[in-house]
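The exercises below are to be worked with the sequence and the model side by side. Each task is followed by a solution that goes step by step.

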Amino acid sequence: QVQLVESGGGLVQAGGSLRLSCAASGRTFIRYDMGWFRQAPGKEREFVVAITRSGGNTYYADSVKGRFTISRDNAKNTVYLQMNSLKPEDTAVYYCAAVSSFHPGNYGIPEGYDYWGQGTQVTVSS
């Protein structure tokens, strides 16, 4: 089992940047594929980006390609989400999630993950 804690959210103007962090408990972090999702008020939880255990493969939603970058530091049990050129439509609660291994094609759906953090609010003003 793994526990996840997100941090780094906040209020930023459009065009600005934020870096989210997701710290995982335990010494088995390297065994988990990780993802970031977001949920805006009144909307369903939406896939943002995912990364495999080794960091060798990443997957991005079209809406964030070229603006967001996921990375992980397995020595620090942490996954990061660097968000640049933020837009008001990026406003949401951002969640990190973990699963022992992606099933084919499941990295982009919430049901593909077993563990979730509590979320961190990101607000982008226009």
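**Exercise 1.** How many disulfides does the structure hold?

*Solution.* The structure holds one disulfide, the term standing for a pair of cysteine sulfur atoms within 2.5 Å. This is a predicted model, in which local features need pLDDT of at least 70 and side-chain atom pairs count only at pLDDT 80 or more, while totals for chains, interfaces and linings use all residues. Residues are numbered from 1 along each chain as its sequence is written, and side-chain values use heavy atoms, with hydrogens and water left out.

**Exercise 2.** Describe the link between Cys22 and Cys96, its place in the chain and the burial of its two ends.

*Solution.* Cys22 is joined to Cys96 with an S to S distance of 1.9 Å, and the link is right-handed, with 50 degrees about the S-S bond. It connects distant parts of the chain, since Cys22 lies in strand 3 (residues 18-24) and Cys96 in strand 9 (residues 92-99), 74 residues apart; helices (H or I, at least four residues) and strands (E, at least two) are DSSP runs, numbered from the N terminus. Cys22 has a relative accessible area of 0% and is therefore buried, and Cys96, also at 0%, is buried as well. Here buried means under 20% relative accessible area, exposed over 50% and partly exposed in between, with a 1.4 Å probe and protein chains only.

**Exercise 3.** Is Arg38 buried or exposed, and with which side chains does the side chain of Arg38 make polar contacts?

*Solution.* Arg38 belongs to strand 4 (residues 33-39) and counts as buried because its relative accessibility is 6%. Its side chain makes a polar contact with the side chain of Asp90 at 2.9 Å and another with the side chain of Tyr94 at 2.9 Å. A polar contact is a pair of N or O atoms within 3.5 Å; within protein, one must be able to donate a hydrogen and the other to accept it, and residues adjacent in sequence count only if both atoms are side-chain atoms.

**Exercise 4.** Where is Glu44 found, and is Glu44 buried or exposed?

*Solution.* Glu44 sits in the loop between strand 4 and strand 5, and a relative accessible area of 72% is why Glu44 is classed as exposed. Not counting residues up to four places away in sequence, Glu44 touches Arg38 and Gln39, where contact means heavy atoms within 4.5 Å.
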